[in-house]
Amino acid sequence: MTATTPTPTTQSVDTKGLKGGSLGLVSSIVVGVASTAPAYSLAASLGFIVIGGASFAGVHAPGIILLAFIPMYLIAVAYQELNKAEPDCGTTFTWASRAFGPITGWMGGWGIIVADVIVMANLAQIAGSYSFTFVGSFGLPAVAALSSNVVATTLAGVAWIAIMTWICYRGIEISARLQYFLLAFEVVILIAFAVFALVKVYSGNAESYSLIPSWDWFNPFGLDPAKTIAPAMLTAIFIYWGWDTAVSVNEETKDPEKTPGRAAVISTLLLLVTYALVAVATIAFAGVGEKGIGLANPDNAGDVFSAIGPALFGGGAVGSVLMALLGFSILTSASASTQTTILPTARTSLSMAVYKALPAKFARIHPKYLTPTWSTIGMGIVSVAFFLIFTAISVNLLNALIGSIGLMIAFYYGLTGFACVWYYRKTLFTSARNLVMRGIFPLVGGVMLLAVFVYGAVQFAAPDWLTDDAGNNVTIFGVGAEFVVGIGGLLIGAVIMVVWWIVKPDFFRGRTLVKRADYVLAPGEGVVANFGLPDSGYFPTVVSPDLSNLPTGAVAINTKTGRRVRGDRHTGPAADTTETPTTPDESK
């Protein structure tokens, strides 16, 4: 980024024009947890985790969920540490560009965008289907029957995308307020479901095949690593995905250097507790058999809650009401995630456009709502198009999306872990904390996800990896559909990157986002931008290594250490680029 001329006073900045200070810690956690769609994720994935891969995971599914939590937590720590140095809404795009250069950074940003676009098709289909299921539960069987009608569910799914795109367009605060309601309802129903099931099991009023929970269920290491743990992990990682939305809205939070990172870590911990409780309760009540409501029954895998609900709640008016509430929780889960999926994509493309890695139109900010305009609307339009294309080709292709998304998740989450290690490589051994939190944790998380990515790619390429209801292989050009969608999505990004490089090479030549900067201005500090943003007049700048362009009163952040240096104590060029520009006022 080009250095700017010093100014005598510091001017207030809303970074990239977004509305800073809109979200607190609780709001950020709500956004992070809601993005994972807990109810929908469990309903659609728990059965597949139980089934495992070539061999059976069974009652050890909670152990798989616990194991999948480990890389998620480690990468959340990497997000937290990188966010301290540079709370940029581009997250992986910005940090990977700083660490490894523009090509890697661009592909990291693309990984976020394409994963979110792909999952929107799946979420829209679920939201559309459950809209009819919920309404039909009030004594309207004809409406409920529409849940399996492709045209009806597609139109309803498109409507959900449009509604949630509009909400995201109207402002981050209204988005957060809606999430409070949707997530609260979803979590209450999930906990009630788990408690109801466990009470029946322990009181002896459950089914004959119900099981008493055991701590051994949390130990997955007796399972076959290649045939069971690895494929089940691919699905389990998917159910955690989304907490990084809490970091993608970092420029709109209070205390952006600390709050988003804390929210990400707390979100993963809350998800672990929720998933472990519900998984144990569901397995205990339904068992892991292959018949009836057993979780290993392939007919139940796509929606275990709907399969278990009637046996758990019974018939009559009370049972009907409880089933309606359970269905509504999955509907709110999918719709909430539809909204929170738009947020990170719009902000990633906003950041990429600011640094000229995408067309400038995607950097536009609404003058009143202070939200990305083209980035938000564009996300909605592209998601609708992708949803319609996949549905027109084959509804069965929608089943291929979860696996392909797993590849995207492993790609950009793993890249973030490696970026953290490389970003802080010069100071890793300055303290035990730095070594663990900025070195060991992110590295281990990155390696685990790299292994998952390689394994998943190899398995998904097999023509018989995914089959439809009739037992036919779901392939594209004879190759497993999950592999084609996942790897193909990344390759399409590489082609787009090359085209944009030819058209607008500034970003790729390091002119707008330098590979490594020793100092950047703290959030809320800045000067008039040298390069244009269509809707915002100010923008934080990279500070030169000698701090010569740091405005009086401004605060710079050392990206190596995360420490701060105030400009009003600076009287001349620094002796070096660490922490000794004369006698600055520093604080962690």
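By class, which residues make up the lining of the second largest pocket? In this predicted model, that lining has 19 nonpolar and 6 polar residues, and no charged ones. The second largest pocket itself has a volume of about 580 Å³, and of the 25 residues that line the pocket, Trp 110, Ile 113, Val 114, Val 117 and Val 382 are the closest to its centre. Helix 17 gives the most, with 7 residues.

Two of these contributors, helix 5 and helix 17, also pack against each other. Two packed helices are described by the angle between their axes and by the distance between the axes. For helix 5 and helix 17 the angle is about 130 degrees and the axes are 9 Å apart. Angles over 145 degrees would count as roughly antiparallel and those from 65 to 115 as roughly perpendicular, so helix 5 and helix 17 are oblique to each other. Their crossing is right-handed. On the side of helix 5 the contact is made by Ile 103, Trp 106, Met 107, Trp 110, Gly 111, Val 114 and Ile 118, and on the side of helix 17 by Val 485, Gly 489, Leu 490, Ile 492, Gly 493, Ala 494, Ile 496, Met 497 and Trp 501. By class, the residues of this contact divide into 13 nonpolar and 3 polar, with no charged residue among them. Trp 110 and Val 114, which take part in this contact, are also among the residues closest to the centre of the second largest pocket.

A search of the whole structure finds 3 cavities of 30 Å³ or more, and the second largest cavity has a volume of about 140 Å³. Of the 19 residues that line this cavity, Ser 35, Trp 241, Gly 242, Ser 337 and Thr 341 lie nearest its centre. Helix 2 (38-51), helix 5 and helix 13 each supply at least two residues of the lining, which by class has 9 nonpolar, 8 polar and 2 charged residues.

Helix 2 leads on to another packing arrangement, with helix 9 (residues 225-240) as its partner. The axes of helix 2 and helix 9 come within 9 Å and cross at roughly 170 degrees, and these two helices are therefore roughly antiparallel to each other.

Note on methods. Residues numbered from 1 in each chain as written. Predicted model: local features only at pLDDT ≥ 70, side-chain atom pairs only at ≥ 80, totals over all residues. Heavy atoms only, no water. 1 Å grid on protein atoms, 1.4 Å probe; cavity = no way out; pocket = protein on both sides within 12 Å on 5 of 7 lines; lining within 4 Å. Points joined across faces, edges and corners; volume = space filled by probe spheres on them. Helix = DSSP H or I, 4+ residues; strand = E, 2+ residues; numbered from the N terminus. Nonpolar A, V, L, I, M, F, W, Y, C, P; charged D, E, K, R; others polar. Axes fitted to C-alpha atoms, helices over the stretch in contact; angles between N-to-C directions. Parallel < 35°, antiparallel > 145°, perpendicular 65-115°, else oblique. Left-handed = near helix turned anticlockwise from the far one by under 90°. Contact = heavy atoms within 4.5 Å.
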